[in-house]
Amino acid sequence: MAATLSRRWVLSLFLVLSTEIVFRSKAVVEEQRREEEFYEELLLRPLPDRKVLAHFHFESRAPPSASNGRHHHLFPKAISQLVQKFHVKEMELSFTQGRWNYERWGGFDPVSSRNAKPPGIELWAVFDAPQGEIDACWKNLTHALSGIFCASINFLESSTMYSAPEWSFRPASGNLRHGFLPREAVCTENLTPWLKLLPCRDKAGLSVLLDRPSIYRGFYHSQRLHLTSNGHAEGGMYSGIFLEQTLTIALQPSSRGTSLSYSSERNLQPSWSLSSIFGRKVTGRCVVAKSSNVYLQFERDLVAQLKNLENHGMNNKSFGNYLSKTDYELSINPDVVYQEEAKGQGKSPSVLYEFSIEKYSDSQPFDLGLKWKIPVIWSCQQAPLHGSRFLMGSGNERGAIAILLRSTASNEDLGTNGGDECKLQVDIFQVVPWYIKVYYHTLQLFVDEKPKATGDFMEKIHIVPSKDKISPGVMEMVLKFPCSIKSAAIKLEFDKGFLHIDEYPPDANQGFDIPSAVISFPDFQTSIPFPNHDNKNSSNLLSIFQERSPVLSYTEVLLVPLTTPDFSMPYNVITITCTVFALYFGSLLNVLRRRVGEEERFLKSKAISESGQLHMLLSKLSAKLRGKAWEPSQPSCSSTSSMISSKLVMKVILVAAFAVAWKYYLD
């Protein structure tokens with residue numbers, strides 16, 4: 001009886017605990033479902049060179065969690081595990097194909113400063129770990145990202161492939177690691193894992209527009225992943241992660257739909273729609289998205305040109321006046337129109353049209369279109385200085401790296417053409433591989449095409465020389481030029497090193513890459529403030545536009561030809577050596593395996609079978625000529641002599657017959 005009561009008590013206690021655990025887990029899941037957020041937005045912008053910029057922005061937020069972030073409803077679990085295991089405080093990973101055209105597409109706006117990346121792969125991360133564990137965390141992080149995104153990011157684990165900037169890079173600190181892979185090819189194998197991090201993937205919402213052929217035939221394509229973690233708070237709670245995924249594409253729309261003809265056809269912007277440039281329409285928002293919006297932006301200079309063409313202002317707050325224009329037409333009426341806060345007198349503010357996707361469905365898809373009616377010419381706002389980089393010298397022994405900074409017309413717009421007291425600060429960050437032996441003492445500075453002393457313009461410099469097969473060379477430099485500068489050039493000489501034959505890549509004759517240099521202007525901040533924008537109810541993309549961030553640009557990737565050996569020579573040597581050895585060992589084995597007795601018996605039987613009756617007749621004839629009695633041939637040690645004699649007799653007979661015939665013919 002007592003045993004039965006104890007069993008019932010244990011069973012009831014187990015049921016109570018199980019019920020409590022189930023209810024608590026459900027409460028935790030419901031709480032995370034309420035707090036986790038996901039946003040999706042798309043920004044469209046016409047570009048001056050007849051192209052269209054499409055900027056997809058997806059943001060996921062994981063709230064503070066007592067379960068250490070192990071259970072998520074919307075946030076990708078793989079990213080949260082990376083943050084927890086490798087102590088990542090902030091990280092950015094970008095895959096880029098093509099190069100951002102700063103002269104035509106601009107470089108003084110939040111989109112270009114944040115999302116214009118160098119070709120290939122760029123990865124940087126800030127770790128919340130002790131100094132001695134950062135390199136180990138970096139190497140493990142590269143391997144994990146390589147598996148997630150199906151790329152060669154694990155090559156960055158080598159100490160020759162990454163650096164540790166001190167202060168010139170954006171989030172510079174002692175716990176920062178930065179690496180480039182300029183030659184990494186970007187394809188759909190990298191985009192598919194990137195889309196799997198989205199709650200709806202590419203099945204619903206704005207991501208259905210991401211048609212692979214449409215994306216990869218563009219002139220520029222960059223997918224970016226940026227996450228920020230606040231680390232572990234007090235009480236063991238994880239304080240949350242912010243994941244930002246962006247995809248920036250520059251597409252060339254087809255101009256077949258343009259019905260009007262002008263003498264200057266190249267000045268007419270092509271009409272386009274979402275279905276014409278992506279091949280698809282938006283059938284609704286992602287179900288779990290808190291907001292799903294599409295924006296169409298007209299830049300400041302474009303608005304100014306439209307004002308001049310129409311000869312009237314655009315200061316009316318009612319968006320109906322924006323649609324009554326005779327120079328362009330929108331296929332869908334916008335829900336809200338934002339006008340940028342003017343920063344100065346006589347400057348036209350940019351205009352932003354907002355379209356909400358919530359009211360569209362399969363029966364009524366969203367297909368925004370823009371039709372131009374008259375030619376419009378404008379230019380995008382650029383950075384204070386346009387940076388470019390190139391190689392100097394010839395041959396496979398020495399050379400020089402030159403960084404050229406040219407002034408843009410935007411200096412006057414920014415009001416930086418003051419006196420000598422006005423200074424323009426330029427930060428330069430450059431990483432050079434170890435096989436490029438840079439002599440930093442040969443640094444030369446040219447201002448307005450005249451040689452100058454570097455100390456007159458250099459605020460500070462930090463150099464980490466390269467070590468053979470250990471670490472690359474790093475140069476961080478802060479320069480301050482007068483605002484009236486026209487051009488500046490920096491020159492560094494280098495020698496080309498020699499690599500071991502195992503260190504050459506398969507395409508060594510193509511050349512070796514020097515990663516892009518990073519040029520930033522800390523004194524200039526990019527932001528697009530909208531006074532009538534509600535930060536609480538609107539999207540995160542507009543909030544990012546209003547944040548002040550420094551102007552940043554990347555230079556070209558340099559291709560350096562190094563001395564490469566004749567890779568066909570080892571092949572030829574191996575081929576000849578193997579042939580000689582094959583002939584030698586083949587002959588040796590043939591001699592060792594030959595059996596004389598069996599060979600003689602084989603030749604005898606073969607000779608008998610071939611000679612037959614003819615051999616017997618010849619042997620009888622030979623016996624009569626010698627005056628001896630004919631006897632059958634007896635087995636001898638070798639049948640070679642008999643074969644030779646028979647052949648000799650046959651040759652004699654044939655020669656005699658030929659001589660008789662020839663004599664008869666002559667007579």
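Leaving out residues up to four places away in sequence, Glu92 touches Lys117, Glu122, Leu123, Trp124, Arg170, Arg224, Leu225 and His226, where contact means heavy atoms within 4.5 Å. This is a predicted model, in which local features need pLDDT of at least 70, side-chain atom pairs count only at pLDDT 80 or more, and totals for chains, interfaces and linings use all residues. Residues are numbered from 1 along each chain as its sequence is written, and side-chain values use heavy atoms, with hydrogens and water left out.

**Exercise 1.** Find out whether Glu92 is buried or exposed, and which side chains make polar contacts with its side chain.

*Solution.* 
- Start with the accessibility: Glu92 counts as buried because its relative accessibility is 2% (buried is under 20% relative accessible area, exposed over 50%, partly exposed in between, with a 1.4 Å probe and protein chains only).
- Next, look at Lys117: its side chain joins that of Glu92 through a polar contact of 2.5 Å.
- Then turn to Arg224, whose side chain makes a polar contact of 3.1 Å with the side chain of Glu92. Such a contact is a pair of N or O atoms within 3.5 Å; within protein, one must be able to donate a hydrogen and the other to accept it, and residues adjacent in sequence count only if both atoms are side-chain atoms.

**Exercise 2.** Work out how exposed Arg183 is and which residues it touches.

*Solution.* 
- Arg183 is partly exposed, with a relative accessible area of 32%.
- Not counting residues up to four places away in sequence, Arg183 touches Asp507, Gln510, Gly511, Phe512, Asp513 and Leu559.
- Finally, 9.3 Å separates the C-alpha atoms of Arg183 and Pro515, which lie 332 residues apart along the chain.
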